[in-house]
Amino acid sequence: MEQTYIMIKPDGVQRGLIGEIVSRIEKRGLKVAAMRLGVMSAESAKEHYREHAERPFFASLIEYVTSGPSVSMVVEGKNAIAIMRAVNGATNPVNAAPGTIRGDFAIETGRNVVHASDSPESAKREISIHFKGSEIVSYSKID
Ligand code: CMP
């Protein structure tokens, strides 16, 4: 059983895609174990994206993810990290296959609708930035 951190970014929320995205996650067989809508603080956003701190797009990335409400989730299930990367599609929507969230709903990297943790280490770190342990409710069946 694995947990991953998912964000529906402000463009996804603004475009009314919350239900569509949550539906895709649940239909795939993963479970939402925590969920919150709110405007991410600059402090949390900078901590979340700290590996990109030296990149030229860092300031605009922080501005983008704090520009309006986003949805933070912990998504749980077998191979949840790899599955959610596949459900989201390539970071640059130009390379995202049709049928993925980015392949169906995005056209540029700077407005790519969703985020998913890229490794077990990132998942653990990102979940701890955005959620307290008591906010995560694990109800997956163990096979
Ligand atoms: P995400 O999957 O959240 O992880 C890092 C984010 O940085 C990425 O999605 C994009 O939103 C953003 N990003 C990565 N590369 C670029 C880029 N070249 N220009 C603008 N934003 C980028």
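**A tour of the predicted model**

Colour by secondary structure: the protein has seven helices and four strands (DSSP runs numbered from the N terminus, H or I of at least four residues for helices, E of at least two for strands). Along the sequence they follow the pattern β-α-α-β-α-α-β-α-α-β-α. Residues are numbered from 1 along each chain as its sequence is written. The model is predicted, and local features need pLDDT of at least 70, side-chain atom pairs count only at pLDDT 80 or more, and totals for chains, interfaces and linings use all residues.

Next, select Ile 6, Val 74, Val 75, Met 84 and Val 114, which touch the most other members of the 27-residue largest nonpolar core. Such a core is a set of buried Ala, Val, Leu, Ile, Met, Phe, Trp, Tyr and Cys residues joined through C-beta atoms within 7 Å; buried means 20 or more other C-beta atoms within 10 Å of the residue's own, with C-beta atoms placed from the backbone. Elements that each supply at least two core residues include strand 1 (2–8), strand 3 (70–77), helix 5 (80–88) and helix 7 (120–130).

Centre on Val 75. Beyond its neighbours within four places in sequence, Val 75 is in contact with Thr 4, Ile 6, Ile 25, Leu 30, Val 32, Ala 33, Ala 80 and Met 84 (C-beta atoms, placed from the backbone, within 7 Å).

Now select the ligand. Around the ligand are His 52, Phe 57, Leu 61, Thr 91, Thr 109, Gly 110, Asn 112 and His 115, each with its C-beta atom, placed from the backbone, within 6 Å. This shell holds two nonpolar, six polar and no charged residues.

Finally, zoom out. Of the 143 residues, 36% count as buried, and the C-alpha atoms fill a box of roughly 45 × 35 × 25 Å along the principal axes.

Terms used
A residue is buried if 20 or more other C-beta atoms lie within 10 Å of its own, exposed if 12 or fewer, and partly exposed in between; C-beta atoms are placed from the backbone. Two residues are in contact if their C-beta atoms, placed from the backbone, lie within 7 Å. Ala, Val, Leu, Ile, Met, Phe, Trp, Tyr, Cys and Pro count as nonpolar, Asp, Glu, Lys and Arg as charged, and the others, Gly among them, as polar.
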